Structures are given as structure tokens and as C-alpha cells.
Amino acid sequence: DVPLSVEFRNDKWECDAVLDGLRKRNIGFVNVDEPALKGLLKKSSIVTSGIGYIRFHGRNAQNWWSGDNVSRYDYHYSDDELTEWMPSIGQIMEQTNIVLIVFNNHSKGQAVQNAKRLKELMNQVD
């Protein structure tokens, strides 16, 4: 009875067989923002259930593989980087009843700042 979503950490999981399996089971796919590094998922607007999900990890490429869980997520998004996501957010909103947007770039409180800023930017579009 609890809605489920899955966040994959390797781009090999983003294939038709897996996405079809998630849809069949009504399990959500977590779209992510993370550094543009080989093997990581790219920005997407995939929906496999009634819940759309986006998770912002930050784009701290230099510490992604060598850092720890503090330095890896130490990142502050610019307005341009947040605005890049607007079309994808819109596409997900058109396909779902609920959209969850979670910021995981939390090292120095950037997650709260970026979440508030994304909300402001989205309100400007309305």
C-alpha cells in the first residue's frame, strides 16, 4: 500500500525492459541531476507510476568518485541550472498527480536554498 520509487545509480538500468517492469508494477522512476560522468544517469523526465520524482544531488564532479558523502554533495545550483529542469518538470507534471522534488546537495544547507529558489522560479512561470 506504500508507493515505491527506485533511484538507479548506473545508466545501464535505464533501458526499456527495466522501465516496462517498473510501469507494470506501478513503481516510480527517480529522475536525477548529478554530474555528467560516464556511467551516471542523465537528466530525464521518465514517469513509470502516478508519482513523478526528481532528485538533485549536485554536480560536484571532482569529488563524486573520490569524495565522501559530505564533499560529494557539496554543491549550490545556479538559477540557470535549475531553470534547465523546467521543461522536464512540466512534462512530469502533465503525466502524474504528484511530483516530488528532493534536493540532496546538503553539505552546507544548499538543499534548502536551492529548493526555495526552484519554487520561486516555478512560481514566476505560472
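In this predicted model, a salt bridge joins the side chains of Asp79 and Arg117, with an N to O distance of 2.7 Å. The pair links distant parts of the chain, since Asp79 belongs to helix H3 (residues 79–83) and Arg117 to helix H5, 38 residues apart. Asp79 is partly exposed, at a relative accessible area of 33%, and Arg117 is partly exposed at 24%. Arg117 also meets the side chain of Glu120 in a salt bridge (2.8 Å, N to O). Both of these residues lie in helix H5, three residues apart, about one turn of the helix.

The structure holds nine salt bridges. One of them is formed by Arg59 and Asp33, whose closest N and O atoms are 2.7 Å apart. Arg59 lies in the loop between S3 and H2 and Asp33 in strand S2, so the bridge ties together parts 26 residues apart in sequence. Asp33 is buried, with a relative accessible area of 4%, whereas Arg59 is partly exposed at 21%. Asp33 and Arg59 belong to a network of salt bridges with Glu81 and Glu84.

Four strands make up an open sheet with parallel pairing, in the order S1-S2-S3-S4. Strands S1 (5–6) and S4 (98–103) are the edges, each pairing on one side only. Helix H5 (residues 110–125) packs on the sheet and touches S3 and S4, its direction making about 140 degrees with that of S4.

His57 is located in the loop between strand S3 (51–56) and helix H2 (61–64). This residue counts as buried because its relative accessibility is 0%. The side chain of His57 makes a polar contact of 2.8 Å with the side chain of Asn104.

Methods. Residues numbered from 1 in each chain as written. Predicted model: local features only at pLDDT ≥ 70, side-chain atom pairs only at ≥ 80, totals over all residues. Heavy atoms only, no water. Helix = DSSP H or I, 4+ residues; strand = E, 2+ residues; numbered from the N terminus. Buried < 20%, exposed > 50% of the residue type's maximum accessible area, 1.4 Å probe, protein only. Polar contact = N/O pair within 3.5 Å; in protein donor to acceptor, adjacent residues only side chain to side chain. Pairing = 2+ DSSP bridges. Contact = heavy atoms within 4.5 Å. Axes fitted to C-alpha atoms, helices over the stretch in contact; angles between N-to-C directions. Salt bridge = Lys/Arg side-chain N within 4 Å of Asp/Glu carboxyl O.
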